[in-house]
Amino acid sequence: MQFKEIVGQQAVKQHLINTVQENRVSHAQLFLGPEGSGSLALAVAYAQYLSCEDKQPDDSCGVCASCRKYQKLMHPDLHFSYPFFAKHKDDTALSFIEEWREAFTAHPYLSLDTWRNYLEADNKQANINIAECHQILKKLSLKPFESVYKILILWLPEFLDKEGNTLLKIIEEPQPNTVFLLVAQNQDQILNTILSRTQLVKIPALGYNEVRNYLIEQRGIPAQTAEEAAYLSCGNLTEALSMLHQETKSYHEGFLNWLRKCYGNKGLEIMPFVDQIAKAGREGQKNFVRYGISYIRECCLILSGAADLVHLPAVEKETAQKMAAVMTLPMAEAISAELEKAHYAIERNANPKILFLDVSLQIIRILHFKMLPQGTQYI
């Protein structure tokens, strides 16, 4: 992975290159950026630049022995750690290294949902277990084999629970020429003890034009389609690419049918929906709810008189306008709030049947009976 292959982020790229050229490489850095911003790709490109045998002023050479090994993610001094779905307590990241290489090579803007598809995740929750922490300590106790630096890229340290405290000593006082690159999306979910020991590298979300131009110029997507995907993705290139394959649009009809049943107070018809969504698995449920939050947001724009800002596909925009005709802005905000609470509950292993039945009843109160939750936020 070279810097030139990464969309946008010119300021971050230049900062990283300057740290190497000026010999200011911190031994522990936290690449903090939202999903789809390219933070993981930047970490790999930075590691490749550090190890390159013929560094160029603005990128790694891409042809030396070290760069060729990096392109295959098989350099002996490059190590990865990431969340996985352990089948046994002794499983570590090395147990899934072939799947990891395949996933990152195909999807440099890797998301956890995409990573799940490469593993037999079933309905398990991802984590970085204590066995993996011990494996990290073992790998980093050795000196570099070929390169000047031994580099560990730890993707999503948010999935380190209290086991992450076993890494504090080696993060604070690593072996000489050892570099930790942590790649995270949510600073609040990282252990404070780890956060305080790293240098922060903030990576912003991509701009609308950056996503749009990439889709048109690099992927050959028609301009109108690229503009819609760039707008709805909010700078998330992973989301934009998935929209092109209609992975997120597949929730449209199911979400609308659910709202129609709630609007008509059809309790008996809601029960089959609850049973069906309960079988979708946690990630499927989260994706469904995320789509609903995004869709209701577009309805809020229409209700606020900003329909020109809605870049939904024609069919979805038409249904959004019809939906906006039967609800008020406070009602839309209340439904969005219920969906956000549902997303929070799914992440914490709530019983899906009880959860979606409760959310359905709350939406019935809002849409059919026009009863808003108590509080001043909807007045």
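Helices and strands here are DSSP runs, numbered from the N terminus. By that numbering, Glu-120 lies in the loop between α5 (112–117) and α6 (130–139). The model is predicted.

**Helix α16 and its partner α17**

- Two packed helices are described by the angle between their axes and the distance between the axes.
- Helix α16 covers residues 329–347, and helix α17 covers residues 352–367.
- Angles over 145 degrees count as roughly antiparallel, so α16 and α17 are roughly antiparallel to each other.
- On the α16 side, the contact is made by Met-331, Ala-334, Ile-335, Glu-338, Leu-339, Ala-342, Ala-345 and Ile-346.
- On the α17 side, Leu-355, Phe-356, Val-359, Gln-362, Ile-363, Ile-366 and Leu-367 take part.
- By class, this contact has 13 nonpolar residues, one polar and one charged.

**More on α16**

- α16 has 19 residues.
- From its first C-alpha to its last, α16 reaches 27 Å, close to the 27 Å expected at 1.5 Å a residue.
- Buried residues in α16 include Met-331, Ala-332, Ala-334, Ile-335, Ser-336 and Ala-337.
- Glu-338, Leu-339, Ala-342, His-343, Ala-345 and Ile-346 of α16 are buried too.
- The buried residues of α16 pack against α12 (252–263), α14 (281–303) and α17.
- Just after α16, Asn-349 takes a positive phi of about 65°.

**Helix α2**

- Helix α2 runs over residues 39–51 and has 13 residues.
- At 1.5 Å a residue, α2 should span 18 Å; its end C-alpha atoms are 19 Å apart, which agrees.
- α2 is mostly covered, with 13 of its 13 residues buried.

**Salt bridges**

- Side chains of opposite charge can pair when their charged atoms come close.
- The model has 14 salt bridges, counting a side-chain nitrogen of Lys or Arg within 4 Å of a carboxyl oxygen of Asp or Glu.
- One of them joins the side chains of Arg-24 and Glu-22, at 2.7 Å from N to O.
- Arg-24 has 44% relative accessibility, so Arg-24 counts as partly exposed.
- Glu-22 is at 46% and is also partly exposed.
- Lys-322 and Glu-318 form a salt bridge at 3.6 Å, N to O.
- Lys-322 and Glu-318 are four residues apart in helix α15 (residues 314–325), which means about one helical turn separates them.
- An α-helix has 3.6 residues a turn, so residues three or four places apart point the same way.
- Lys-322 counts as exposed at 54% relative accessibility, whereas Glu-318 is partly exposed at 42%.
- Arg-348 and Glu-347 meet in a salt bridge of 3.5 Å, N to O.
- Arg-348 is partly exposed at 45% relative accessibility, and Glu-347 is partly exposed at 33%.
- Lys-286, Glu-347 and Arg-348 are linked in a network of salt bridges.

**Positive phi values**

- Most residues other than glycine have a negative phi, and most peptide bonds are trans.
- Asn-23 is not a glycine, yet its phi is positive, near 60°.
- Asn-23 sits in the loop between α1 (10–21) and β1 (28–32).
- At 62% relative accessibility, Asn-23 counts as exposed.
- Leu-73 also has a positive phi, of about 60°, although Leu-73 is not a glycine.
- Leu-73 belongs to the loop between α3 (65–71) and β2 (78–81).
- At 5% relative accessibility, Leu-73 counts as buried.

- Glu-120, in the loop between α5 and α6, is exposed, with a relative accessible area of 57%.
- Glu-120 and Lys-87 are 33 residues apart in sequence.
- In space, Glu-120 and Lys-87 are 9.2 Å apart, C-alpha to C-alpha.
- Lys-4 lies in the segment before α1.
- Lys-4 is exposed, with a relative accessible area of 65%.
- Lys-4 and Ser-60 are 56 residues apart in sequence and 9.4 Å apart in space, C-alpha to C-alpha.

Notes
Residues are numbered from 1 along each chain as its sequence is written. This is a predicted model: local features need pLDDT of at least 70, side-chain atom pairs count only at pLDDT 80 or more; totals for chains, interfaces and linings use all residues. Side-chain values use heavy atoms; hydrogens and water are left out. Axes are lines fitted to C-alpha atoms, for helices over the stretch in contact, and angles run from 0 to 180 degrees between N-to-C directions. Helices (H or I, at least four residues) and strands (E, at least two) are DSSP runs, numbered from the N terminus. Angles under 35 degrees count as roughly parallel, over 145 as roughly antiparallel, 65 to 115 as roughly perpendicular and the rest as oblique. Contact means heavy atoms within 4.5 Å. Ala, Val, Leu, Ile, Met, Phe, Trp, Tyr, Cys and Pro count as nonpolar, Asp, Glu, Lys and Arg as charged, and the others, Gly among them, as polar. The expected span of a helix is 1.5 Å times one less than its number of residues. Buried means under 20% relative accessible area, exposed over 50%, partly exposed in between (1.4 Å probe, protein chains only).
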